[in-house]
Amino acid sequence: MRIQEGVDPEDPLVFDSQQLHRQPGASQKLQREVPIDMSWRNDVSAAVSGGPIPVEFLLESAHDGILVAAQGRIPLEANCVRCLNPTEWQEDIHVQQFYAYPEHANDGDVEAEGDVAEIRGDYLDFRDAFRDAVVLALPLTPTCSEDCLGLCSQCGFVMAKDPQHKHEEIDPRWSELAKFADPDRPAQGE
Ligand SMILES: [Zn+2]
Ligand SMILES: [Zn+2]
């Protein structure tokens, strides 16, 4: 049994490929509990740590390598970009990574399939592919709801608490006077 340096065979994102090795057509379904790493984040959103989540895996053996596919629901959290309230939700993610046998790693048709890892040793290391997929699923402009009303542009009031919230308009006679005071001053609201 050959173990690559830095690959922990006990990691739920590491797969023993020996059963499928050189067995085109063979496949294997697995369900594993995958711990969510708090470091999986972008500037505004993060994956939530709160125990491992169930993820389904399908490993399929082909003549030139092994395809690993995964799907699961990842708990995420962020502050709404409109009202700044913390919000949590779940996102479905689908991840695929093809692992080519060394002699096929540079095949044109294999390369055309996109991201290709080479099978080294007896284990498939799915950790980077999974983390990248979670980070890509994190939105850059998360909102607590599609129709979040955001904050009042004048005082920062959370508009969802009272959609009728507004400020008294400045008496038009006063705004006329303001124009006289400084003719270069831009009009209100610009
Ligand atoms: Zn919001
Ligand atoms: Zn206001």
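Q: Where is Ala 133 found?
A: Ala 133 sits in helix α2, which covers residues 127-137. Keep in mind that this is a predicted model.

Q: Why is Ala 133 called buried?
A: The cut-off for buried is 20 or more other C-beta atoms within 10 Å. Ala 133 has 20 C-beta neighbours inside 10 Å, so Ala 133 counts as buried.

Q: Which residues does Ala 133 touch, not counting residues up to four places away in sequence?
A: They are Ile 93 and Val 95. Contact here needs C-beta atoms within 7 Å.

Q: What makes one face of α2 the buried one?
A: Phe 130, Ala 133 and Val 134 are the buried residues in α2. Seen down the helix axis, the buried residues fall within an arc of 95°, so they line one face of α2. The face turned away from the buried side carries Asp 128 and Leu 136, which are exposed.

Q: What covers the buried residues of α2?
A: The cover includes β3, β5 and β6.

Q: How do you know that β5 pairs with β3, β4 and β6?
A: Pairing takes at least two bridges between two strands. Three bridges join β3 (residues 45-47) to β5 (residues 65-79). Eight bridges join β4 (residues 53-62) to β5. β5 and β6 (residues 86-100) share 15 bridges. Each count reaches the cut-off, so each pair qualifies.

Q: In what sense do these strands run, parallel or antiparallel?
A: β3 and β5 run antiparallel. So do β4 and β5. β5 and β6 also pair in the antiparallel sense.

Q: Which residues stand opposite each other in these pairings?
A: Ala 47 has Leu 76 in β5 as its bridge partner. Glu 60 is partnered by Leu 67 in β5. Leu 67 also stands opposite Phe 98 in β6.

Q: How many residues lie between the strands in the hairpins of β5?
A: Two residues join β4 to β5. Six residues lie between β5 and β6.

Q: What makes Leu 84 stand out in the hairpin of β5 and β6?
A: Leu 84 is not a glycine, and its phi is positive, near 70°. Its place is in the loop between the two strands.

Q: Why is Leu 84 called partly exposed?
A: A residue is exposed at 12 or fewer neighbours and buried at 20 or more. Leu 84 has 13 other C-beta atoms within 10 Å, so it falls in between and is partly exposed.

Q: Why is Arg 22 called exposed?
A: The cut-off for exposed is 12 or fewer. Arg 22 has 11 C-beta neighbours inside 10 Å, so Arg 22 counts as exposed. Arg 22 lies in the loop between β1 (14-16) and β2 (27-34). Arg 22 is not a glycine, yet its phi is positive, about 55°.

Q: How do you know that Ile 74 is buried?
A: Ile 74 has 21 C-beta neighbours inside 10 Å. The cut-off is 20 or more, so Ile 74 counts as buried. The place of Ile 74 is in strand β5.

Q: Which residues are in contact with Ile 74, leaving aside its neighbours within four places in sequence?
A: Among them are Ile 36, Ala 47, Ile 53, Ile 93, Val 134 and Ala 137. Ile 93 is 19 residues away along the chain, and its C-alpha atom is 7.1 Å from that of Ile 74.

Q: Which residues have the most contacts inside the largest nonpolar core?
A: They are Ile 66, Val 68, Tyr 99, Leu 124 and Phe 130, in a core of 28 residues. β3, β4, β5, β6, β8 (123-125) and α2 each supply at least two of the core residues. β5 gives the most, with six. In soluble globular proteins, nonpolar side chains tend to be buried together.

Q: What does Val 68 touch, not counting residues up to four places away in sequence?
A: Its contacts include Phe 15, Phe 57, Leu 59, Tyr 99 and Leu 124.

Note on methods. Residues numbered from 1 in each chain as written. Chains lettered and ligands numbered in written order. Predicted model: local features only at pLDDT ≥ 70, side-chain atom pairs only at ≥ 80, totals over all residues. Helix = DSSP H or I, 4+ residues; strand = E, 2+ residues; numbered from the N terminus. Contact = placed C-beta atoms within 7 Å. Core = buried A, V, L, I, M, F, W, Y, C linked by C-beta atoms within 7 Å. Arc of directions from axis to C-beta.
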